[in-house]
Amino acid sequence: MITKRIIPCLDVRNGRVVKGVNFQGLNDVNSPVELAKYYSDNGADELVFYDITASSDGRKIFTDILRETARNVFIPLTVGGGISGVSDFERVLSCGADKVSVNTGAIMNPNLIPEAAKLYGSQCVVISADVKRVDGQFHVFARGGRDDTGIEAIGWIRRCVDAGAGEVVLNSIDTDGVKQGFDLEMLKAVCDVVSVPVIASGGAGSIDDFISLFKTVPGVDAGLAASIFHFGEVAIMDLKHRMYDENIPVRL
Amino acid sequence: MIAIVNYGVGNLFSLESSFNAIGQNVIVTSDPNDLKHSDRIILPGVGAFEDAARKLFASGLAEPLIDEARKGKPVLGICLGMQLLFTKSYEFGVHDGLNLIPGDVRPISDIIPADFKIPQIGWNSLHLTKPSGLFANSHEGDYVYFVHSYSAFCDSGYITAITDYGAGLTAAVQFGNVYGAQFHPEKSGNVGLNMLRAFCEV
């Protein structure tokens with residue numbers, strides 16, 4: 001049976017993982033390569049690298065780091081951040097990324113998803129949506145969650161899937177950082193309208209939050225988190241053993 | 001030496017890296033001579049069958065690949081590369097494959113329940129149905145990483161592993177010296193690296 005996936009997300013700036021990392025036994029906890037290997041050896045099903053550099057110099061460092069990671073880590077790697085054209089797809093795919101997630105780039109350029117899907121296949125194109133409630137409606141936000149685009153989110157995500165996105169990362173701005181659980185209502189709304197895998201992001205604070213995610217919204221395929229893994233608040237293998245005990249399909 | 005066939009399709013970086021990681025001499029190549037002089041051949045591939053088949057036949061690499069396979073050299077097709085080993089595919093029309101394994105490629109939607117998502121993306125377990133050199137280091141129930149919407153349909157005698165996705169889907173095949181994996185060994189952690197090690201010993 002196909003398993004629910006657990007995905008740590010690494011924000012990378014100037015070649016370093018940002019957001020605190022607190023692990024024993026790693027020589028350099030802020031090294032994306034070391035951290036990726038650590039996660040890969042300790043139960044992560046997939047990794048997301050998010051490039052939060054603004055400059056072209058930073059971008060070069062990022063691709064070097066990505067290549068070094070892909071050389072050493074043999075689980076799927078998704079790359080996001082600063083993807084605005086198919087040349088960005090080419091840049092990260094040639095360095096070992098398996099999937100590329102687009103966010104603001106897809107809002108700015110409606111042709112990006114169909115073009116990329118045609119060139120690289122839908123399995124390679126992930127739509128990552130930052131969504132927040134505004135006046136009782138779900139809105140898509142751009143630029144790292146700063147700008148309200150005014151676009152209704154659920155319909156927009158469905159259009160992205162129709163255009164060729166093969167997977168959805170749904171990041172709820174409302175629950176992100178609050179650590180009180182995933183945004184189950186928002187996730188259910190998305191799962192109801194798309195037939196591709198949906199990855200939940202934003203709000204994980206404990207193992208229980210993942211259990212309640214997979215039990216309450218069975219359409220969700222994966223849970224993504226950053227700081228609770230980086231800080232060691234939740235060890236991935238502890239989480240996965242608990243999932244197993246709760247009869248949630250999991251790769252141990 | 002292991003030759004990874006480069007016909008302009010697929011993420012070859014990870015595949016090359018994974019053979020490097022297990023200490024194998026590997027070359028990513030578009031040169032037919034490299035296929036002739038290699039000990040083993042890997043046929044990768046992602047994306048659409050028609051586009052990949054066209055590129056493969058246009059590359060001038062299909063013929064030497066078929067020749068080497070017919071001479072008995074071990075060949076491993078991965079993901080779409082496995083599908084290309086078959087006679088034909090029904091992905092958006094009907095398209096010829098390499099015909100190294102009798103059988104065809106059809107949408108998984110033909111046999112899985114309607115509430116299963118397509119593509120199948122993620123880790124699923126292997127049910128080993130037949131001994132294969134590829135599984136010398138593998139175990140029943142090992143998890144591997146799949147990304148696919150189509151699957152091979154062939155004589156059950158060639159199927160070496162299936163995976164349960166609402167229905168039993170062909171996960172791995174062997175037809176003499178020609179091997180195929182629908183999943184990505186190069187993305188399946190140590191389980192996958194162990195399979196690539198095993199392939200280097202067949």
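This is a predicted model: local features need pLDDT of at least 70, side-chain atom pairs count only at pLDDT 80 or more; totals for chains, interfaces and linings use all residues.
Helices (H or I, at least four residues) and strands (E, at least two) are DSSP runs, numbered from the N terminus. Residues are numbered from 1 along each chain as its sequence is written, while chains are lettered from A and ligands numbered from 1 in the order in which they are written.

**Exercise 1. Find the residues of chain A with a positive phi, A:D135 and A:R143, and say whether each is buried or exposed.**

Solution. 
- A:D135 has a positive phi of about 50° although it is not a glycine. Its place is the loop between β6 (125-134) and β7 (137-142) of chain A.
- A:D135 counts as exposed because it has 5 C-beta neighbours inside 10 Å.
- A:R143, also not a glycine, has a positive phi near 50°. A:R143 lies in the loop between β7 and β8 (147-152) of chain A.
- With 12 other C-beta atoms within 10 Å, A:R143 is exposed.

**Exercise 2. Work out the four-strand sheet of chain B: its order, edges and pairings.**

Solution. 
- Two strands pair if DSSP finds at least two bridges between them.
- Read the order. The open sheet runs β6-β5-β7-β11 in chain B, with mixed pairing.
- Identify the edges. β6 (95-96) and β11 (150-153) of chain B each have a single partner strand, so one side of each is left without a neighbour in the sheet.
- Take the parallel pair. Three bridges join β5 (residues 86-89) to β7 of chain B. Here B:K88 stands opposite B:D104.
- Take the antiparallel pair. β7 (residues 101-107) and β11 of chain B pair over four bridges. B:D104 stands opposite B:F153, and B:V105 stands opposite B:A152.

**Exercise 3. Trace the eight-strand sheet of chain B and locate the helix that lies across part of it.**

Solution. 
- The order is β2-β1-β3-β4-β14-β13-β12-β9; the sheet is open and its pairing mixed.
- β2 (26-29) and β9 (127-128) of chain B are the edge strands, each pairing on one side only.
- β1 (residues 2-5) and β2 of chain B pair in the parallel sense over four bridges. B:I2 has B:V26 as its bridge partner in β2.
- Helix α4 (residues 62-70) of chain B lies across β1, β3 (40-43), β4 (75-78) and β14 (178-181). The helix runs at about 130° to β3 of chain B. Axes are lines fitted to C-alpha atoms, for helices over the stretch in contact, and angles run from 0 to 180 degrees between N-to-C directions.

**Exercise 4. Describe the nonpolar cores.**

Solution. 
- A nonpolar core is a set of buried Ala, Val, Leu, Ile, Met, Phe, Trp, Tyr and Cys residues joined through C-beta atoms within 7 Å.
- The largest has 80 residues, and A:L47, A:V100 and A:V168 have the most contacts inside it.
- A second, separate core of 68 residues includes B:L61, B:W123, B:Y143 and B:Y165.
- Return to A:V168. Not counting residues up to four places away in sequence, its contacts include A:I127, A:A129, A:I157 and A:V161.

**Exercise 5. Count the residues at the contact of chains A and B, then check the model's scores.**

Solution. 
- Chain A gives 26 residues and chain B gives 26 residues.
- The chain A side divides into eleven nonpolar, eight polar and seven charged residues. Ala, Val, Leu, Ile, Met, Phe, Trp, Tyr, Cys and Pro count as nonpolar, Asp, Glu, Lys and Arg as charged, and the others, Gly among them, as polar.
- The model scores ipTM 0.91 and pTM 0.94. Chain B has a mean pLDDT of 96, with 100% of its residues at 70 or more.

Notes. Two residues are in contact if their C-beta atoms, placed from the backbone, lie within 7 Å. A residue is buried if 20 or more other C-beta atoms lie within 10 Å of its own, exposed if 12 or fewer, and partly exposed in between; C-beta atoms are placed from the backbone. pLDDT is the predictor's confidence in each residue, from 0 to 100.
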